[in-house]
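Subject: A structure for you to explore

Hello! I am passing on the structure I promised, so please open it and keep it beside you as you read. My notes on what turned up follow below it.

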Amino acid sequence: MVIHVVIAEDMGLLRGALCAALSREEDMEVVADVEGVGELLTVVRRCRPQVVVLALTPELPDPVEVVARIDVEAPHAAVLAMSPRWSPALVEAALAAGARGLVGKDSSLAELVRAIRALAAGERAIDPAAAVAALSPPEMPLTPREMDVLRMAAEGLPLKEIAVRLYLAHGTVRNHLSVILRKTGARNRLEAVSRARRNGWL
């Protein structure tokens, strides 16, 4: 039996390389490839693949929501989620949404092929790095006061309101937020909150 595969990856070069590599496998056929997740559900319903290789971005929740929709609307398709790095929260979210397999983007082609075959056979395939991530949450880098500020930011409060609630100067809150962004590697408050939630800090 030939395994029909759909690939969803926003990086064109990587997507093309995956398509070419998997097409060389005698028991696999890439029936479609898409950029991102916008048209993925339509493609999956039309092509009816056994396996969907879906790239997740840790900073964005949308792909995890797509996993859940595929699980409901196209139960014939097993989702193999790929991520450049696995956090405990992302592993939990992907599995809870219905992903049948998890692999890292740094996995070898042989590992990816084995995972696809496992999913097509009705089995699960969990990358060792994803399993370790689930068992070893990243260390929380924020101080208790920075966490207080981030919790308030997560409620959508403006800086002035955060300052009033925490009995801090407006400039102090702004400085705390700058440190939070640096420590979490986030570009803005929303992204910092999202990363903290995914890592289980909030």
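Let's begin at one side of the sheet: strand β5 (residues 101–104) pairs with β6 in the parallel sense over two bridges. Helices (H or I, at least four residues) and strands (E, at least two) are DSSP runs, numbered from the N terminus, and two strands pair if DSSP finds at least two bridges between them. This is a predicted model, where local features need pLDDT of at least 70 and side-chain atom pairs count only at pLDDT 80 or more, while totals for chains, interfaces and linings use all residues. Residues are numbered from 1 along each chain as its sequence is written, and side-chain values use heavy atoms, leaving out hydrogens and water.

Within that pairing, G101 has A125 of β6 as its bridge partner. The open sheet has six strands in the order β2-β1-β3-β4-β5-β6, with parallel pairing. Its edge strands, β2 (28–34) and β6 (125–126), each pair on one side only.

Now for two helices, α9 (residues 170–184) and α10 (residues 189–198): their axes come within 10 Å and cross at roughly 55°. Axes are lines fitted to C-alpha atoms, for helices over the stretch in contact, and angles run from 0 to 180 degrees between N-to-C directions. α9 and α10 are therefore oblique to each other (under 35 degrees is roughly parallel, over 145 roughly antiparallel, 65 to 115 roughly perpendicular and the rest oblique). Where do they meet? L177, I180, L181 and T184 in α9 meet R189, A192 and R195 in α10, with contact meaning heavy atoms within 4.5 Å.

Enjoy looking around!
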